[in-house]
Amino acid sequence: MSARGERRPPGTRPLYQQAAQQLAQMLETMPPGSFLPSEPALARQLGVSRATLREAMRSFEVEGRIIRRQGVGTIVTRPPRALEAGLEVLESLETLAARTNQSVEMGECQIAVHPAGEEDAVHLELPAQAPVVEVSRVILAGGRPVAFLIDIIPQTLLPQDVWANGFTGSVLDLLLGSGGVDLDVSRTEISATSAPSEVARRLQIQRGDVLLRLEARLFARDGRPLDHSWSYFLPGSIHLHIVRRVGQNVRRGEGGS
């Protein structure tokens, strides 16, 4: 008996994977905007428990192929086209989307000023308790959340009159437009992570779902750290790529062989 209380013959795939395969076939035949059967009816149709059905549906929800709405039902959608981003140049999501005739917009946004915590002060090389601006917001594509972004910036770089009116989601574009700093490089760590509770809530997914995470520090040309940020992306929402040159030693070695 499986951990979900349902028997399956030895050597067969888990029931939730079998249910997911059947769901995938159903979704291929359903137009966007249509509704799946109710959860009890769909579970009976697929011959699985409701718990197994929910597990099977999770991957489709994360991929943007369905949207579950409490009291409304499960709506069939089509995931938005992924953004394309080269890692050689730092650009805002709005700039990346515009280049490929896509559209992104800002969803839920919170902006707060607070004293720098110990970690903030270290990463931004600030005195303890120096005021910082924390900007957290959801980015939407095709009307659904695809990314959750958090930036922490010294308040001296982002006073209220800069972000209070007309902020559309990009702190990078704000800093570039202010003209007050000479931006240089961003040092970024890329990893896969499990969605924490707050991030999962903002992205309308389950806690623990896998996300792509970029943690970065943006530096001025004089070496000052200006921004400490975290960017969480749903799988498939952005394609990152990099062009790398062949090392001189490798080319010399090949030529002499």
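Reply: Happy to! The largest pocket holds about 850 Å³ of space. It is lined by 36 residues, and those closest to its centre are Leu90, Glu91, Leu172, Ser186 and Thr188. Please keep in mind that this is a predicted model. Strand E7, which spans residues 183–194, gives the most to this lining, with six residues. Sorted by class, the lining of the largest pocket has 20 nonpolar, eight polar and eight charged residues.

In helix H7 (residues 171–178), Leu172 is buried, along with Val171, Leu174 and Leu175. Seen down the axis of H7, these buried residues fall within an arc of 160 degrees, so they line one face of the helix. On the face turned away from that buried side, H7 carries the exposed residues Leu176 and Gly177. Strand E7 turns up again here: what covers the buried residues of H7 includes E7, helix H6 (160–163) and strand E5 (131–141).

The N-terminal end of H7 is capped by serine 170, with a side-chain oxygen 3.5 Å from the backbone nitrogen of leucine 172. After H7 comes glycine 179, which has a positive phi near 70 degrees.

Finally, the second largest pocket has a volume of about 280 Å³. Its lining consists of 15 residues, with Arg68, Arg69, Gln70, Gly73 and Thr74 closest to its centre. Helix H3 (50–62) gives the most to the lining of this second largest pocket, with three residues.

Notes: Residues numbered from 1 in each chain as written. Predicted model: local features only at pLDDT ≥ 70, side-chain atom pairs only at ≥ 80, totals over all residues. Heavy atoms only, no water. 1 Å grid on protein atoms, 1.4 Å probe; cavity = no way out; pocket = protein on both sides within 12 Å on 5 of 7 lines; lining within 4 Å. Points joined across faces, edges and corners; volume = space filled by probe spheres on them. Helix = DSSP H or I, 4+ residues; strand = E, 2+ residues; numbered from the N terminus. Nonpolar A, V, L, I, M, F, W, Y, C, P; charged D, E, K, R; others polar. Buried < 20%, exposed > 50% of the residue type's maximum accessible area, 1.4 Å probe, protein only. Arc of directions from axis to C-beta. Contact = heavy atoms within 4.5 Å. Polar contact = N/O pair within 3.5 Å; in protein donor to acceptor, adjacent residues only side chain to side chain.
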